[in-house]
Each structure stands twice: as C-alpha cells, then as structure tokens.
Amino acid sequence: MITFTPLSGAARSSRTVPLAYLLQVDDIRILLDCGSPDWNPENIETQSESGNEVIYPWQEYCDIVRKHAPEVDLVLLSHGDLVHSGLYAYAYCHWDLRAPCYTTLPVQAMARIATMEDVEGIRDEQEVDVEKEESNDSAAAEGAGSSESHSPKLKNEPKKFVATVQEVHEAFDAVNTLRYSQPTHLQGKCQGLTITPFAAGHTLGGTIWKIRSPSAGTIVYAVNLNHMRERHIDGTVLYRPAAGGVFEPLARPDLFITDADRVNVVTSRRKDRDAALIDAISATLSSRSSLLLPCDSSTRLLELLVLLDQHWKYADFRFPICLLSRNGREMLTFVRSMMEWLGGTVSKEDVGVDGSGRTGGTRRRRGDDDADDEALGAFALRFKFLEFFPSPQSLLQTYSSKEPKLILAVPASLSHGPSRLLFSDFAVVPDNVVLLTSRGEEGTLGRILFDKWNNSQRGDDKWDKGRIGSNVMMDGAMTLKINSKVPLQGAELEAFLAKEKAAKDREAAHQASMARNQRILEADEDESDEDSDSDSDEEDEVERALDESQMDTDEISNTGNGSPRKRKITKNEDDADWGLDIDEGLTKQLLSFDIYLKGNVSKATSFFKSAGGQTHRFRMFPYVEKKRRVDEYGETIDVGMWLRKGKVLENEAEDDATREARRNQAEGETEVKFLGAPREPPSKFVTSEVEIQLACRLLFVDMEGLNDGRAVKMIVPQVNPRKMIIVHAQAAAADALIDSCANIRSMTRDIYAPSVGETVQIGQHTNSFSISLSDELLSTIKMSRFEDNEVGYVTGRVTSHFSSTIPILEPSGPTIPTPNANVLHAPRILGSRPIQILPRSTMIGELKLTALKSRLASVGVQAELVGEGVLICGAGARRDESSNSIQDTVAVRKTGRGRVELEGNVSDIYYVVRKEIYNLHALVAT
C-alpha cells in the first residue's frame, strides 16, 4: 500500500513552497525533499486565537517535520536550492533526521552552498538560536546571545530554525551521491527498494526519482521540470521529441507525482526573454545608470552568468559585473570540477568549440593570465568580467555609487542580506533599474515588487500571457526593516567587558575546582584495597628501617676523618636504592644479613610482636617489593605507560624533516595561543525601520527555467501513469491540469490533489516475506526474463533450519501411497497410454503492437497497422503482392486487456509471429 502526505507545497494551497512530502511504501517511510521557508518575510506576525502568543508561517510546517523526522527511513533530494533542500541540515542535526539521504553530486554541492549562504546571511544580521523575552536594559552582544532593537518587540522573538556552518557541512557530508541512471538497491529496513535518478533539468544535477518496490510497483517523483535545453544544462530526459517522446524507463509508472505550479502560465520564447534582459541591461548601462539583479546563490545563477558573459564578450563591454555573495567563488570552483554534468553551450565551449565551429584546442586566450582556470578547463566558466564581493561595504570601497555597473546580489527574495541592503539605497536613485528574474516566495519583498510590476502591466502583457512586459517607474514610499550588526560602544561595551571578565573568572574557578577534584580522584585511585594497604604499611616499615640503618652507617663513616663521605644513590623506576657508591670497607657491614638492627629499637617481649607493635627486625637486601594490582580480569594495565612508550616509538620512527615540521607547527600554535588570534569586536544586533522614497525603474523577466502549462499538458498524458498525484500548485492550476487530463480518453481517472496534511492511500496493504530457495529447487526452475526481472514458477515445501532464521523452500518430495489406501483406477483401453496432465503456461506482460512490428522487421517479416488494435503480418502487408499469397498472411488482434488473437494459415510466417509474441512476454509454466 502507498500512503502519500504533503507536509508543505501541496496542491490547492496558497503557499506552494517549500516542498516536503512523506511517502510511505508498505512500512518504509520516504521523505521527498526537505525545503526551508523564507525566515524573514514582510509582516510575519500573526496572533493566535487566544491572542497570547505569536504564530509564524513556518511554525506548523516545522512542527510536523520535527514530528516525523525520527521515523523517516529514507530521504531523497531532487534539487539543490533552498525550497527543496534548505531545512535538511537543521533537521539532520537537531531533529534526528539521520535516515540515509541520496541525491546527485551537483545537488549535494549546490544545496550546501545555498544553505551556507542563507545561514551566514541570517546569522550575520540577527540572533536566531534562543527565544528571549523583552529586556530593556540588555544589549545584544555577539557571543553573549543578547539582542537590542529600536523597533517595538513582541514578547517572544521568532524562533528560526537556522543551522550553523559546521552543522551544514556535517549534514551534507553524510549525503550519499549517485549518478544519473544508476540503480541503487537499498539495504536494511529499505531492503527491496530500488532507486534510480534521472535528469530533470531546471538546475544542475536536478533529479527525477524512480522508486521501484516489489509490492507497490514503480513510483516516479518529478517536480520542477524543464524540457528545454539551456545554456549550462540540458533538458529533462522525461520527454525528448528527438528521441521519440517519453523516456521508456519512466513511461507508464504505477504512481506519478508531479507539480502543476505553472499550468496556467504561458511562457514567452527564450529568445525573446534573453533579448529583453540584454536590452534592458545595455540601455541602462549606456545611460550611465546601474542595475540591481537579485539572484539565488547557486542553481539559477549559473544560467545568468553564462548569458551575461557571452553578451559582455560580444558587445565588448567594460562595465563591471559585481556578484555580492560570500560563497560565489566557492560555487564556481565546485561547478568547474563537475563539467561532466553540464550541457548546452557550456559543454561545447569546454572542448574548445567556438560559435563558428572551429576548434581552439586548449590554447590560452589572449590576455587571459588566469593559470588556475586554465588548469581547470571550462572556457565558458572563467567569467573574466565577473568580480566577487562579500559585502556591500567592500563593493563601495571599490566602485562608487555613481559608476555604472551590474550588481548580482543574493538572495533573490530580498528578505535579508546584501540584496535588501542595496535595494534600500538603490531604489531612491532615479533611472536605476531593479531587474527581477523570479517571482519570489509569498510574503517576501521580492514577491511584493513582482506584484507591483505585474499589476502595472496591461492585460495582454502580464507575465503569464506569453508576452514580455515593459519596465515601470516606481513611486510612493516604502518602509523596510533593516537588520544589522553594530559594534558596542560606551557603557554597553564596558558592561559587556565586565560581564565577559566575570564569566572568565567563573570559568577559571570552575577549572581549578575540576583540577582539584581530579587530583583527589587520582589519589583515591592510587590507594589499594585492604590487603594492599597492609602490604604498603609493611613496605613503609622496611623503608624506614633501611633509612635508620643508612643513618647508622653514615655515623660510622664519619669517625675516620671527621668529615662525612658522600654517597651516590641511584634509584630505578621503583624508587629503590640499587647502587650505593661507598667505601669497600663498609660493604660487608652494609650488605650483611641476619644481624639485629642498630638503633633505638626495644626488645620484643613476645614471640611474634612486642607490646608497642614492633617486630624483630633483621637487616636484609635493600629491596622493596611492589605489589601488583589486580582486578577481576587480571593485572591492571598502566595506560599512561603504554601511551608514553608509543609516543617514544613514534618519535624514533620520524625522520628529521618530519620532526622539524612538527616542532615548527607547535611553535606556531604556541605563538598564536599567547598572542591571540584577531577576533571581531563585541557587537549587537539592531533592527531599524527605514522609509525610502521609490524612484527607480522595475522590470521582470522570467528566467526560472521551468515548464509552462503547454509543456505540462503535453508531457503528462504521454507518460500515461496508472495513478497520479498533483503537488506544488494552487487550486486553479491543479483543477486546470485535472480537467485537461479528463479530456484524454486514455488518461487515468485516478488523479489526486491533496492539501497539506491530507493523506492519500493507494492500493492495499501488502505483507512481504523473505524466503531462501534451496540449491536443489533452484536448479530445476526455468526463469523467463520480463523487463528488469526474471520470473519463474515454483512449488515446494517450506522448512526451517536451526542454522538460519530465514525459512527455506525445498522441493516437495513424491507422495508415498499407504498400503491400505483404496486406489480407484479408471478403466483403460488395452494398449493405450496412461493419461498425463500437461503443465499450463502463463504469459506475463502486455503486448504492444508497435514493439511487435519492430521485432518482426528485425527478423525480415513486414507488418503494417491497418486499424485500431490490428497488425497484418507477412504477404498481406505488402501492397505489391497478389491475392494468391493470402495464405502467408497473419493477423494479430488485441481484443481486450490481456487478450491477444493470432489468426492465419499454418505457415512459417505464423510460427515466426507466434515466437516473437512469446518473446515479448515472460512465459511461465504453472
């Protein structure tokens, strides 16, 4: 049974992003995409019904993802932008979304870049880690976690589920990458499932997922497709007219999950859109004005860069192209290393083919001194006119605000980061142009500007009517909230330093307390049990006795010349006096045995011990026996000794160069430790409201790279799924696609368009069991190949073996008749053969007359389709043949589902056609 639940991005919904769907195949839960919402939309505060708390647009979605995250068994990511993969890193690190995740290599890299750009931009402007109540006297210092705002604050600050940079790297390092058309057989709880990625277009590495289950059949998940070839990637493999239509491995799935977001949209030709974009840029720069082009940080940015670079070369522009992104350079480095995933014109230019078809080899272009890009290849991805800037301040340090330039700033929604800050300064300058290439998410500043532009167009020039609109002059005032981080000053800085010093003092006291407790624990560990204690007492007594005897010996040695003789005492690791460098005359006296000790020792009054607890003491060899500590496993191991010994062996094995490098590294770390690494001054997060007077021009050119309504209505019927689920669409778009499919007779009527949280159940629950075939039974099975599987019919007896937990299917033995059984024999004619039951044959598969026609042509039999469901084979298919050759004609008819009729005379043609029909099916003897 298949259960499908949209978590976000459902059909019949006003908010179509982000995308996240829960697909359950029997007992396996699969999370399809895990996108993130925009964390900074305009006017996000929504009061609850009680009025005591604030509800944010993403709260319900994040709560349901957090609920299902620990139960997910498999994660599949289709595209590398934020609406498909933005929340995966946070869910992986905080919500226990540790299920195996699969995607393509470019999607992994692009999703990492997009998520890092988003989290760095948000964390650089506001505090997102904790929810705090309003505090009038607190200053938000970086590292201290407090915040300050010039605008009125709510009781609870919005909780934004934004990961850290380290968490982003940790999450995407755990993602498993696949190549296109690479089937992967899953293990563990997902055993039995096979997943295969196919090219979806729209983004680099964008994926259509084919999920094959032995019980539920084939499921195809295809969202955000583009069948048109672009400059940096090819179109989707799902539909290619030059290849004969729909890609065969993706045709006729049991369940097809697709989006209908742009069903009611008619997109203009790409040639017209590119021309409108280039004309607007050229006209603005020629008039000594600048353009602001908000864009994303990874996926669709590549198409814009390739287009702009080609035009800059053609027009010989000297105006700078400025990219404001923290990770733009890293993104291009990733792309250059994945040239095999690129397509379009970039793949041709990579091998040195220019527009005229001449090959340039690998020669360096004149004036190009970038040796690193030369080594990486990819002529079209060098972008010598492109300059990178991490922040708007660095841009203003290089170029003044009056110089004409094209600025690409992230993010495309203008909700935060460089694009929003630049827009506040950019929009007040007349003749400047804000150029939008995407509609943006609902509620963001980008969507507000798009709606303003779209409402200003005439009825036939709106964006979804297949026309290119004109730019509009913006007027009126707009109030924006600008989040920023400013250094602390004055009393705030002194308070922060005092608080930091108090924290350091508390930490130092805590460390000192921990060190003292550690020493006490080590001292307690050194003490042995009661037996060890008694042995230690005896050892102490022997040591004291040795000390007393040595004192007596020193007195004797002082009587000779009036000055004491020096002794050199050498101690080993056991702290015992092994060597005594003394005069030879004292050797016998010091090393003699069975002599009563000299000194102040009372006589023993009893046989064993004296009243004072002193025993008879005899001079013995100066050795203190150390007791070995043992536990229930034997002698305890001194770990420190082994570590020290291993370090000594490592140092001895190193050569001089390695030892010198290690020494230099240690010195460098010590220097950094004492000098201190430069750190950012203490700062606070400030939110200010800025009112701007709009005076710039606004233009929208669709560069999203998605299928329009005509393409969707043409591709879906050709895929011809048995059941279909529509997602990622508003109510009008979903209804339009359902109505379009209803007008096609061969299209399925099982089409679902669930809303958020609504569950769709398809099929019945199926229990699957694992069984092992014995070698004897396996050798008798006749297998027939059908599509990607081999099918056979078996009859056996299930047995259990003590050495295996999986039951074994063995061949059923011949039945032994009982001697008392009354066997009734049917009367038989003398000389006749006994009756034998012949095996029945079952044919698995569905006959396609077009496929049969192709197979017959390959064996030299001509065939023609003469009507609906009728194929004429042999002489009747040749028009130049006379009517006498009708005996060599065979007709194949499909009279119903699973019923095929073969009509004709018994001839060679008849048997050839029957054989080819058998070969198109899996023939199983039952």
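Which residues are linked in a network of salt bridges? They are D261, R262, R439, D702 and E704. Keep in mind that you're looking at a predicted model. Side chains of opposite charge can pair when their charged atoms come close. A search of the whole structure turns up 29 salt bridges, so let's walk through a few, counting a pair when a Lys or Arg side-chain nitrogen sits within 4 Å of an Asp or Glu carboxyl oxygen.

Start with R420 and E42. Their closest N and O atoms are 2.7 Å apart. Find R420 in helix α12, which covers residues 417-426, then look for E42 in the loop between β3 (28-32) and β4 (46-47); because of where they lie, this pair ties together parts that are 378 residues apart in sequence. Both ends are tucked away: R420 is buried at 6% relative accessibility, and E42 is buried too, at 18%.

Now head over to K848 and E248, a salt bridge whose closest N and O atoms are 3.8 Å apart. K848 belongs to the loop between β37 (841-844) and α22 (849-858), while E248 is in the loop between β14 (245-246) and β15 (255-259), so this bridge joins parts 600 residues apart in sequence.

Last stop: R467 and D461. This salt bridge has its closest N and O atoms 3.8 Å apart.

Key
Residues are numbered from 1 along each chain as its sequence is written. This is a predicted model: local features need pLDDT of at least 70, side-chain atom pairs count only at pLDDT 80 or more; totals for chains, interfaces and linings use all residues. Side-chain values use heavy atoms; hydrogens and water are left out. Helices (H or I, at least four residues) and strands (E, at least two) are DSSP runs, numbered from the N terminus. Buried means under 20% relative accessible area, exposed over 50%, partly exposed in between (1.4 Å probe, protein chains only).
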